[in-house]
Amino acid sequence: MSDALHYAHGGATLKRCPVCDDDHVHIGDVRVFQPRDNYSSQVVRVGAAIEIVGLEKTACRGVGVEIEYWCENGEHRWVEGQAHHKGETRTGWQQHSG
Ligand SMILES: [Zn+2]
């Protein structure tokens, strides 16, 4: 784990649920998007195992990362993502549908 994530020294922010503000948040699957052509990416999912999902259509043409989260207070689920394309990196989140 990198120094940037070494929370024991107070350098990281405590994650909170965007629905209920609970601070008991867990990380689920991580999906990494590597562009192959216009709006198509090779997807790797890291959860209990590492899985190459295959090609998927994507909303952008750059590199992207999505992280699933859930909280202990009602098990709210959401996905946060970052996507890079042409020098810009955008972040966003949405509630998980499943
Ligand atoms: Zn919550």
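**Confidence and fold**

A: In the chain, confidence is highest in β4, at a mean of 94, and lowest in β3, at 87. This is a predicted model; local features need pLDDT of at least 70, side-chain atom pairs count only at pLDDT 80 or more, and totals for chains, interfaces and linings use all residues. Residues are numbered from 1 along each chain as its sequence is written.

Q: And what does the chain average in pLDDT?
A: The average is 85, and 87% of the residues score at least 70. pLDDT is the predictor's confidence in each residue, from 0 to 100.

Q: How many helices and strands are in the chain?
A: There are 6 strands and 0 helices. The order from the N terminus is β-β-β-β-β-β. Strands here are DSSP runs of E, at least two residues, and helices are runs of H or I, at least four; both are numbered from the N terminus.

Q: In what order do the strands sit in the sheet?
A: The order is β3-β2-β1-β4-β5-β6, in an open sheet with antiparallel pairing. β3 (50-57) and β6 (88-95) are the edge strands, each pairing on one side only. From one strand to the next, the twist averages 20°. Axes for that are lines fitted to C-alpha atoms, for helices over the stretch in contact, and angles run from 0 to 180 degrees between N-to-C directions. Two strands pair if DSSP finds at least two bridges between them.

**Edge strands**

Q: Let's take β3. How many of its 8 residues are buried?
A: The number is 0, so β3 lies largely in the open. Buried means 20 or more other C-beta atoms within 10 Å of the residue's own, exposed means 12 or fewer, and partly exposed is in between; C-beta atoms are placed from the backbone.

Q: What does β3 pair with?
A: Strand β2 (residues 40-46), antiparallel, over 7 bridges. Val46 has Ile50 of β3 as its bridge partner. The hairpin from β2 to β3 runs through 3 residues.

Q: Where does Glu51 lie?
A: Glu51 is in strand β3.

Q: Why is Glu51 called partly exposed?
A: Because 13 other C-beta atoms lie within 10 Å of Glu51.

Q: How far apart are the C-alpha atoms of Glu51 and Arg31?
A: They are separated by 9.5 Å, with the two residues 20 apart along the chain.

Q: How many bridges join β5 to β6?
A: There are 8, and the two strands run antiparallel. Trp78 is bridged to Gln95 in β6.

Q: Which residue of β5 is the bridge partner of Glu66?
A: Gly81. Strand β4 (residues 63-71) and strand β5 (residues 77-85) pair in the antiparallel sense over 8 bridges.

Q: Which way do side chains point in a regular strand?
A: They alternate between the two faces of the sheet.

Q: What share of contacts join residues at least 24 apart?
A: The share is 34%, among contacts in the chain between residues at least 6 apart in sequence. A contact means two C-beta atoms, placed from the backbone, within 7 Å.

**Positive phi**

Q: Which residue in the turn between β4 and β5 has a positive phi?
A: Gly74, with a phi of about 90°. That hairpin has 5 residues between its strands.

Q: And in the hairpin of β5 and β6, which residue takes a positive phi?
A: Lys86, near 55°, with 2 residues between the strands. Lys86 is not a glycine.

Q: Is Lys86 buried or exposed?
A: Lys86 is exposed, because 7 other C-beta atoms lie within 10 Å.

Q: What about the phi of Asp21?
A: Asp21 has a positive phi of about 70°, although it is not a glycine. Asp21 sits in the segment before β1. With 9 other C-beta atoms within 10 Å, Asp21 is exposed.
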